[in-house]
Amino acid sequence: MAKRSSLFIRIVEGKNLPAKDITGSSDPYCIVKVDHEPIIRTATVWKTLCPFWGEEYQVHLLPTFHSVAFYVMDEDALSRDDVIGKVCLTRDTLATHPKGFSGWAHLTEVDPDEEVQGEIHLRLEVVLGTRACRLRCSVLEARDLAPKDRNGASDPFVRVRYNGRTQETSIVKKSRYPRWNETFEFELEEGAAEALCVEAWDWDLVSRNDFLGKVVFNVQRLRAAQQEEGWFRLQPDQSKSRREEGNLGSLQLEVRLRDEMVLPSSCYQPLVQLLCHEVKLGTQVRGPLGEGGRVQGQYVCPPCPSKPTLKSRDLSCQDGKAPASAQGPSVPWESAPPFPMVLCGPQSEGFGFPCASCSCTSPCCLPQSPGQLILLIEETTSTECRQDVATTLLKLFLGQGLAKDFLDLLFQLELGRTSEANTLFRSNSLASKSMESFLKVAGMRYLHGVLGPIIDRVFEEKKYVELDPSKVEVKDVGCSGLHRPQTEAEVLEQSAQTLRVHLGALLSSLSRSVRACPAVVRATFRQLFRRVREHFPSAQDENVPFIAVTSFLCLRFISPAIMAPKLFHLRERHADARTSRTLLLLAKAVQNVGNMDTPASRAKEAWMEPLQPTVRQGVAQLKDFITKLVDIQEKEELDLQRALSLQAPLVKEGPLFIHRTKGKGPLMSSSFKKLHFSLTTEALSFAKTPSSKKSTLIKLAHIRAAEKVEEKSFGSSHVMQVIYTDDAGRSQTAYLQCKCVNELNQWLSALRKVSINNTGLLGSYHPGVFRGDKWSCCHQRDKTDLGCDKTRSRVTLQEWNDPLDHDLEAQLIYRHLLGVEATLREKHRQLSADPEADPVLTGPGGGRCFPPEPPFGDGGWGLPPRGPPAFQTGATLPALPSSYICLQPPRTQWPSCSRYCRTSGRPIGPAQLAPHPWSPAASWSCRHEAAPHKALSPARCWETPAHSQLFTSVPLAGVHGLGLSWAE
């Protein structure tokens, strides 16, 4: 059992920021710090006082963190960046907002006396004396103090104050991890109420000393406890009066804290098995039955439209297993009821039919259909949390190898409630959100390969592109070679040509990428394509399956990545205004291609007409690409997955600088060499270039810690260290330099995640380097010293390629279900066959099924409660003590057949249109002569050349079906 905390952070925008540049503007960006540790840096938005970022992050933290702070900075190229203001949210504040903090927050001035961090190790004790008691305070050490000097360190000392007396420790130069081991004593006076104050300060030779934090102790409590020792968190100085909030602007944020107590895997197995069982049944039931059809669990799926007949002898259950045998005539498919189904399952499972050796053919009344649980989850999920639920479910099924089946079930549920092709997958349903998450998790590396070079070219060219005549600015494009301003027509033609080149390059890259697309993505698109084609089989809807694929691939994956490449990790910075416009126009063109160049898309923005020839050509290319993409057989899919499983999955790669030490003794120097690093689930490797041969640097199982290095060690705040053991068991350290704080934290996160289950992980480390004869951080001379700071192996950033955490995903689903427990119970009550619950069940034909009145009998038909199928089509009917009443919407035209119900040629009563006591709607009904008060409402009346069939269900022990015939 482990408690895990995570923060969802969305930095939306700022407004009314003060101008920090002489131009009357600013270049703002945000730094996010958790307990004063920088973990996120947003992109810089240039020359604005109202920046928009729209960046989202999820950070996994230790449950003991205290606060998260957002610093708005102004970037300067030649000097240190200016601090505009900050917003600080404590853990207690976030805990009071279960749904998260959301809204505008005023920026406050950054007070140096409030920028404190770190902990101090103290031992306090009350010493009894002959005359008076003495208070003894031992100042042992401190760690992670705030860097107050330009070299990234401090010169700390401690000042202890009590009852008017002040004592100080020695000064430790250039250290954020000082060790003092000094003791001070004060006389305790009876009844004295003054507190003991321990303050940490940074010594400065010229300017005043900087405050590093303090801890205050209640002496009376110490007297009662006699002794106290531990690490105490340094607090800011709250004695100053709070400054009034100035005109520093505001920041719009969304921050949500989530604490989860994750239990052992065995606790989640019933839930995981239930969800997996539901998905497996759902995908099998909705497939065809007959030759090549499938039967699984409690359900038998409907007949395949491609098969000419459905034999009722194929529709029976033996002990809740697959169909065995029954008697009855063959019914041509065209004349068969729309949803002939078989259901076997114990009533205790909530399906409404007692389990027996039976023949249960009930086309009109299905108390529960496969996929019902997934459907219930969707119905009980609010719009705000649907994306989170979809992502969690998707990851859970990915871990179980059922992602494709889960999405296939969602496709079928979505198609089942869609009648118009132009509305398919256009809403933010669970299917749409799950598919979005799936493409990001399984297809992000593929997206980078296809789209990355095109995006890089757009950023490098920085061309002015505009197709809308009302927005053309001729002055922005400069002059031509003849030193004359370009005309509007020339600008439009140049822009169209630039976009045609980019669009053509993108479509060509996409067409060549079939083999590069992950097998599971191809197989999922294959299922989607087939399901949509089966649902919309007419010739006029021939483009619908292609549009269904492009609605996800183009509209929800490629186009958003083009418009916001930073959010898809394609670029490190947001685009400037000119590049953003180019990307937007390119994304619009891709959307037109994805919509198959429909008249509606053309009419929306007529000024996109210059791109139409390229768009039409792109439609043909895209259809050909999709045809090849979905043409993957199961054997090929398995072969590709098997080949992929033999390779160590790539976790992260990119250029880093590795530290090299030259020389020995006082002349020793150090430098960093740029290499290309690759991290897999087996090792951290490097090479001179991405294509050259890789050399293993560290085996993954040997990693013991991955931590930051303090700034003063190498003059950079973006250096990390990987502590590992070599083949001989000796401890080694590799120092790697990154180019920014985001890259640093991404590499640290990746290394920590893949090594989290290693044995021998360190609990402490040295954030400095061992140079000369001592550690630069704490000045200790023992190189094997355990360390002066805590490791942070659980502090990581959420990434799209994170290893799956099965227990966490199951816990998140459980928490969601627990939150909607009342709604689920109400749904279960409605679906239950308990007469007191008064359920309303929906049959596949659109009818509504009601429980019998009075409650179920105990058989009453003179039949054994168990045994072989008791009913055969055409058999003489015994008396009916009770039955389900299945109503269909009334029809104005009934098939031209006699208005008599017959069994074995014997009429049992007239057919008549009559109101039903449970429904104001009228329905045709047959009244049994032995039970004239009971109406058996037909679920469907259909004609064949020889006869017509009618079925309804009787949920009684030993008897599960009732067949009636209309005589012509």
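Residues are numbered from 1 along each chain as its sequence is written, and side-chain values use heavy atoms, with hydrogens and water left out. Because the model is predicted, local features need pLDDT of at least 70 and side-chain atom pairs count only at pLDDT 80 or more, while totals for chains, interfaces and linings use all residues.

I begin with the aromatic rings. Rings of Phe, Tyr and Trp (its six-membered ring) pair if their centres lie within 6.5 Å; planes under 30 degrees apart are stacked, those over 60 are edge-to-face, and the rest are tilted. Searching the whole structure gives 13 aromatic pairs. In one of them, Phe217 and Phe232 have ring centres 5.0 Å apart and planes at 90 degrees, so this pair is edge-to-face. Phe217 belongs to strand S14 (residues 210–217) and Phe232 to strand S15 (residues 227–233), 15 residues apart. Strands here are DSSP runs of E with at least two residues, helices are runs of H or I with at least four, and both are numbered from the N terminus.

A tilted pair is formed by Phe425 and Phe552, at 5.2 Å centre to centre with 55 degrees between the planes. Phe425 sits in the loop between helix H6 (403–416) and helix H7 (430–461), whereas Phe552 is in helix H10 (residues 544–563), 127 residues apart. Both Phe425 and Phe552 are buried. Together with Phe411, they form one aromatic cluster.

Next, charges over rings: NZ of Lys or CZ of Arg must be within 6 Å of the ring centre and within 35 degrees of the ring normal. Arg143 lies over the face of Trp231, 3.8 Å from the ring centre. Lys623 lies over the face of Phe546, at 5.1 Å.

I turn to helix H8 (residues 488–511). Its buried residues include Val491, Leu492, Ser495 and Leu499. What do the buried residues of H8 pack against? They pack against H7, H10, helix H11 (577–594) and helix H13 (612–629), where contact means heavy atoms within 4.5 Å.

Finally, Cys50 is in the loop between strand S3 (37–41) and strand S4 (52–61). With a relative accessible area of 46%, Cys50 is partly exposed. Not counting residues up to four places away in sequence, Cys50 touches Gly14, Lys15 and Asn16.

Key
Buried < 20%, exposed > 50% of the residue type's maximum accessible area, 1.4 Å probe, protein only.
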